[in-house]
Amino acid sequence: MSELAERFETHDPGEKLVAEKIRCDACPVMCYIADGRTGACDRYGNVAGRIVRMDPLTILDHAAETGAAMVPFVAEGEQWDGELINTGRRFVTAIGAGTTYPDYKPAPFIVSQEVEGVDLVTVVTEGIFSYCGVKVKIDTDRHIGPETAIVRAEGEAIGHVTTGEYGSQMLSLGGVHHLTGGSKAEGRATCDALLNLCNSKPVELTIDGGATVIVQAGKPPVIDGKQEHRMRVGCGSATIGMFATQWRGLVDEVVVVDDHITGVVSEHQAGKVLGWQDTGIKIVGRRSTPGRYFKVSEPGLGWGGTSISDPLSILGEWNAKKGARPGLSLLMVSTTGEQFAYYELDDDLKPVEQPFPERLRKSVNLIEDNCEPALCTVLFIGGAGGSLRAGVTENPVNLTRSVQGLKTYVTVGGAPVYVWPGGGITLMVDVTRVPPGAFGYVPTPALVAPIEFTLRRDDYVRLGGHEAEIRSVADIVAKGGEYLNPRRGPGAAASNPWPPLAQLRRAGSDGAG
Ligand code: SF4
């Protein structure tokens, strides 16, 4: 049983209030927590009779933007002494801020800060996302499972294989149906897997009719126990186009084996332009356009994401009338350059493998050198719902309009997000850009993710923001908030910019909506 599942079992939200227990109301579970203990999610605890957020509030220091050294203004574990010793620009993230729940409460922190003459407000809260999931990109040519196949964690269905992308296999995991629409075990396994993936921890996933994959954000995938090293340079056809000139004069024919588009240089447009002679080769597969073949094999873990281990199995009879002759040389190579072999036709026009010639080694190495490292990418996707938006403004639809109108800049733990066009606030963020351990969960089950909205103060007031709750960064650093937790101040990642002032300045000149 997972750690998360154990907590589900041991926690009883319906437990009666007894004298030494106090109620946490930061989510619908409403745990009664004994002194010295934490609630079901471990995020809140009872410390000497008060509900305390157990992780520190994270305030990022953007000193790097000004070229100054990044000096944490509060080291891990230290208490803030009230001195503003670092002159870098700060950003109050929602990590450790606490949750806007129930709906009537303003967000835990509404922070004002003047930046280069622009008066800005950042509204921060840890959002509870029942509607959320992750999109996983796995850089590999290998076939990990058919499209729409079920993806499982701990034996439970938590998502599916979705359409593959260029050099990568894609998974869509989580979502409200797996979190809340199936059995209790399915919801727990989904929540557990999403939480670990979002916090950049490894998760083992099994795909029905496919492979077992260990996925960890920012790390190479491990497919059926084998670590992937490279993603392909391109499809077979693109590889032919990129390297045709390198092979000219060194070999009579080149086949780049690929599950999607296998390329043949003598027939390919690139070969024709360079004056490549016909070789009488025959590829077993569906010809798309000259020198480009689909479905040369079933998908699998072999050459170029096919199921084959012997590349000759995709070749038919050689045709002497169309250029085949004894001694004709043939290079076969995969799309990553990891597999390659060299052949010459014998007197019966059968390819016979020969020692790999030095003259071709450079071109094969060039394919490998042009391959990027294979990685797993995990994007958290979630929709900002009612209670979250109500914590920002009394009229939640105004926030949606402001975000869609680019007047409000959204971040997750200080990391930039992509907001989907159309209705609502559906956002995606690369979890490796979010500070470690930023994601949590509640056993409803749902994920908890930090979210910040930054906009001009005048815009905030106009859209019905909670003006009376606005505080300064210095005040928050010194006094904290409702949940009594300490503050910590790590340096912001250099790749995560401060909310772009140019955008917010422009927003102000358009008038607020
Ligand atoms: S699960 Fe966590 S947030 Fe929800 S009531 Fe319990 S301690 Fe509070």
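Quick housekeeping. This is a predicted model, where local features need pLDDT of at least 70, side-chain atom pairs count only at pLDDT 80 or more, and totals for chains, interfaces and linings use all residues. Residues are numbered from 1 along each chain as its sequence is written, and side-chain values use heavy atoms, with hydrogens and water left out.

Okay, the whole chain. Buried residues (under 20% relative accessible area, with a 1.4 Å probe and protein chains only) make up 53% of the 513 residues. Contact means heavy atoms within 4.5 Å. Take the contacts between residues at least 6 apart in sequence, and 66% of them join residues at least 24 apart.

Now the ligand. Which residues surround the ligand? Counting residues with a heavy atom within 4 Å, we get Cys 24, Ala 26, Cys 27, Met 30, Cys 31, Gly 39, Ala 40, Cys 41, Arg 43, Tyr 44 and Pro 443. By class, that shell is nine nonpolar, one polar and one charged. Here Ala, Val, Leu, Ile, Met, Phe, Trp, Tyr, Cys and Pro count as nonpolar, Asp, Glu, Lys and Arg as charged, and the others, Gly among them, as polar.

On to helix 4, residues 236-247. Its buried residues are Gly 236, Ser 237, Thr 239, Ile 240, Phe 243, Ala 244 and Trp 247. As a reminder, an α-helix has 3.6 residues a turn, so residues three or four places apart point the same way. What covers those buried residues includes strand 17 (253-257), helix 5 (269-273) and helix 6 (358-369). Just after helix 4, Gly 249 takes a positive phi of about 85 degrees.

Last stop, Gly 414, in the loop between strand 25 (409-412) and strand 26 (415-416). Is Gly 414 buried or exposed? Buried, with a relative accessible area of 5%. Not counting residues up to four places away in sequence, Gly 414 touches Leu 60, Phe 91, Thr 93, Glu 452, Asn 496 and Pro 497.

Definitions and conventions:
Buried < 20%, exposed > 50% of the residue type's maximum accessible area, 1.4 Å probe, protein only. Helix = DSSP H or I, 4+ residues; strand = E, 2+ residues; numbered from the N terminus.
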